[in-house]
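Have a look at the model first, then read on.

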Amino acid sequence: MKKQLTMLVLCLSLFFIQIDGAAAAVLQKDSSLTYETLFTGTDVSLSGSGSQQQYFKVMDYWNVDELRINLHFQISQITADQNSSVTLSLNGSPFYTFRPSVQNNGEQQLTITAPKGFLKEGSNTLTIQGYLRTARVDNQICSVDNSPDNWLHLFNTSSIAVRYTPKALSGGISDFSERFSGIDTLTDNHSLLAVPDKSSAAELEAATYALSGLASNNTLSDRTIPLLPYRGDTVKAKEAVVLIARYDHVPAPLKALLSPAEDLGTHALIQLVNKDTQPTLVVTSKDESLLIKAGRLLGNRDLIGQLSSDLLVIDDVTEVATPAFSLSSNITFTETGDKLTGPNHQEQTYFVSLPSNRSIADSGKISLDFRYAENLDFGRSLVTVSINGTPIGSKKLTQELANGDSLNFSIPENLNVSGNFSVNVAFDLELPSAICTPNSEQMPWAYISKDSVLHLNTKDRTDLLFNNYPYPFLRDEVYNHVAVVLPEEMDDYSYQSLSNMFNLLGQYASGNTGDVHFYTDSVIADNLKNNNIIAIGTYKNNKVIRDNNEKLYFQYNSEGTTFHSNEKMSIEEQYGAQIGTLQLIDSPYESGHGLLAVTGVSSEEYYLASKLIASESSKWKVYGDGVVTDKNGNINAYRFKTASGAAKDSVVQKIVDRSDVLAFVVAIVLVLTMVILSLLLLLRKHMKKRGDKE
C-alpha cells in the first residue's frame with residue numbers, strides 16, 4: 001500500500017511538472033509579439049519585368065523569432081505559368097522564387113517564411129521582382145513581351161509580419177526613449193507623456209519641447225503620442241511613461257524613487273524609474289526655468305540618444321540647444337555613386353530635406369553626371385529627371401557619350417514645391433533585338449556619379465494657408481514665437497487637442513531653440529504681440545476666440561452656442577453646435593503674424609478639429625484657411641482670404657535672398673567703387689599739377 005501511495009505521489013508530481021512545463025511553454029509563446037506592416041496604402045501593379053519595394057522596420061530592442069511574408073495578389077489570366085516567375089529579395093538578397101498560378105482567375109494568397117539572417121536593425125527592404133510572360137505561340141522561337149498583358153497586382157492586404165520577443169530594458173534613458181517612440185509601442189497605444197492635473201504654464205512648455213523631440217522619432221504617419229494628466233486611469237496599461245512636473249507635483253510613490261542627492265532648487269532631474277514594472281521617465285525640478293531646460297533637452301534627439309545611464313542632472317551651465325539650422329545651396333545626391341542594372345526602366349530616387357516654410361525659388365538647377373553601357377539601342381534609350389513625380393526634362397542617350405555624359409536642367413518656376421521633396425532619375429535602358437535577348441542582371445547598366453548635385457535656391461512661404469502649415473508656427477524647423485492660449489479649466493479633450501497640435505508640429509521641428517509660451521483665458525493683449533497664436537477652446541472659455549469672434553470666418557452667435565452660416569457654407573443651428581473648426585487668420589494683435597483658432601461649442605468638437613492636424617495621414621485633408629468637421633467624418637475646407645500673405649519681395653530682398661546674385665552685386669559695387677576712387681585720385685593729381693604750374 002505504501003509502495004502504491006509512493007507511485008501515486010510520483011505520478012502526480014510528474015503530472016504537475018508537465019502541467020507547469022506546458023504553462024511555461026504557453027507563457028513563452030505568449031511573450032512573443034507580432035508586428036505586422038501592411039503594404040502600401042493603395043494596391044500596386046507590376047508589368048513585365050517590373051519590381052516593387054516595400055519597407056519595414058525592425059526595432060533595436062527586438063529579438064526576432066520569425067519573419068513571414070503574406071502575399072495577396074492576382075496575375076493576368078493569360079499569363080503563362082511555366083514562363084513566369086516572381087522572386088522575393090530581402091535587403092538585396094534573393095530568398096524565394098515561385099511560379100504564380102492563373103487558377104481562380106489568377107488571384108491567390110501565399111505565406112512565405114523569410115530567413116532572419118538577412119534582416120538588419122532599423123529599416124529593411126523587401127523587393128518583389130516579377131518576370132511575367134504570356135503564353136508562347138507554337139513554332140515561335142521567342143515571344144514578344146507585351147507589357148500591358150503581363151501584370152501582377154499586389155493587394156494592400158499583403159503584409160510583412162515580424163514575430164519577436166522584446167529585449168530587457170537595460171540601456172538607460174536612450175533605450176527608454178527608443179521604446180517610447182517605437183512602432184510597436186505607438187501602434188498599441190502604450191506610450192504616455194504625462195503632466196500634473198491643472199498643469200502650470202512652465203510644465204506645459206517643458207512638455208511641449210519634450211513632446212516635439214519624442215514625436216520626431218515617430219515614423220508612423222497615423223499614430224500620435226498622447227498628452228494627458230498623470231492619473232491612475234491614464235497610466236494604466238502603459239508600458240512607457242514620461243512625467244514632466246514640478247517637484248511638488250510629483251506623486252509620492254515616484255518621488256520616493258528619485259535620487260535624494262541632488263538639490264532640485266538649483267538642478268533639474270531626468271531619471272528613469274520602475275524599469276521592471278512600468279518604466280517611467282521623471283523630469284522634475286523646483287525651479288521652473290530648469291524644468292523647461294530639461295524639457296528642451298528631451299527635444300534634442302542627438303543628446304537623448306547618448307544617455308546610457310538612468311539619471312541625468314541639469315544645471316544652469318548644461319548645454320541642451322540643438323545646432324543652428326543651415327541650408328546648403330549645393331546638395332550632393334550620392335556620396336559614393338549609384339549603379340542601376342538591368343534592361344528597360346530603372347529608377348533611382350533621392351530625398352531632399354527642406355524646412356516646411358521654404359519653397360524652391362527660381363534659378364534652381366539639377367546637374368547630373370552619369371555614364372552607361374554601350375550596348376543599348378540608342379534610338380530608344382533616354383534619361384528623365386522628375387521632382388515629386390513631375391518631369392522637368394529628358395535627354396537621349398548616345399553611344400559617343402556613354403563613358404561620360406552629363407545634363408543640366410533648370411527647375412521650373414511654377415513647380416510649387418515646398419518642404420521635403422524627392423528627385424527621381426529614371427533610365428530607359430533599351431536593348432537592340434530585345435525580343436530574343438535573355439534577361440541579365442548586369443546588362444545593361446547606368447551609373448550616377450558622386451559629382452551629381454542640386455543647385456538649390458529657396459524662399460519663404462508666407463501665405464497664411466493650411467497648404468503651408470505648419471507655417472507660421474515653425475520657421476526653419478524651430479518654433480517661431482508661438483503663444484498657446486488654453487481654457488482656464490482643462491479636460492481630457494483639451495489635453496488631447498494640445499497633444500494633437502504638437503505631435504505634428506514636433507514632426508517638423510528639428511531644433512529646440514524656438515519659443516512656445518502658454519496662457520489661459522485671463523491673458524492680456526500685450527502678451528500676444530509679436531507672437532503667432534494658437535487658441536484652443538470654445539467661445540465661452542477662451543478669451544482670444546471670444547474677443548475676435550467677428551474676425552473669424554465661422555462666427556459664433558452671441559451666446560456661443562452655435563456657428564452662423566457664412567458666404568461659403570449654410571449651417572443649421574443644431575448642426576452648428578456639433579462641428580469643430582480650424583480657422584487661420586491674421587493676428588489681430590500685431591501685423592505679420594497669424595492666429596489659429598481650434599474651436600467648437602464644446603471640447604469634444606474642437607478635439608475633432610485638432611485631429612485633422614495631428615499627423616501626416618490626416619493633414620492632406622486640410623487646405624485653404626477655414627475648415628469644418630463633424631462626428632460623421634465630414635470635412636469641408638474653404639479659402640476665405642483673397643490676399644493670404646505678405647507682399648511680394650522687393651528687388652533688394654530678392655538679391656539678399658540669393659547668395660550667388662548677392663556676391664555678384666557686391667563684386668560689381670566694389671569694382672565701381674575702386675574705379676570711382678581711382679578717377680578721383682587722378683583728378684586730384686591732375687588738379688594739383690595744374691596748381692603747381694600756375
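Two strands pair if DSSP finds at least two bridges between them. Helices (H or I, at least four residues) and strands (E, at least two) are DSSP runs, numbered from the N terminus. Keep in mind that this is a predicted model: local features need pLDDT of at least 70, side-chain atom pairs count only at pLDDT 80 or more, and totals for chains, interfaces and linings use all residues. Residue numbers start from 1 along each chain as its sequence is written, and side-chain values use heavy atoms, with hydrogens and water left out.

**The sheet**

- Four strands make an open, antiparallel sheet, in the order β19-β25-β22-β23.
- β19 (344-352) and β23 (390-396) sit at the edges with a single partner strand each, so one side of each has no neighbour in the sheet.
- On average, neighbouring strands here are turned by 15 degrees against each other, direction ignored; axes are lines fitted to C-alpha atoms, for helices over the stretch in contact, and angles run from 0 to 180 degrees between N-to-C directions.
- Strand β22 (residues 382-387) runs antiparallel to β23, and six bridges join the two.
- L382 has K396 of β23 as its bridge partner.

**The helix pair**

- Helix α4 (residues 201-216) and helix α9 (residues 492-508) have axes that come within 8 Å and cross at roughly 50 degrees.
- That makes α4 oblique to α9 (angles under 35 degrees count as roughly parallel, over 145 as roughly antiparallel, 65 to 115 as roughly perpendicular and the rest as oblique).
- Contact (heavy atoms within 4.5 Å) involves residues including L204 and L211 of α4 and F502 of α9.
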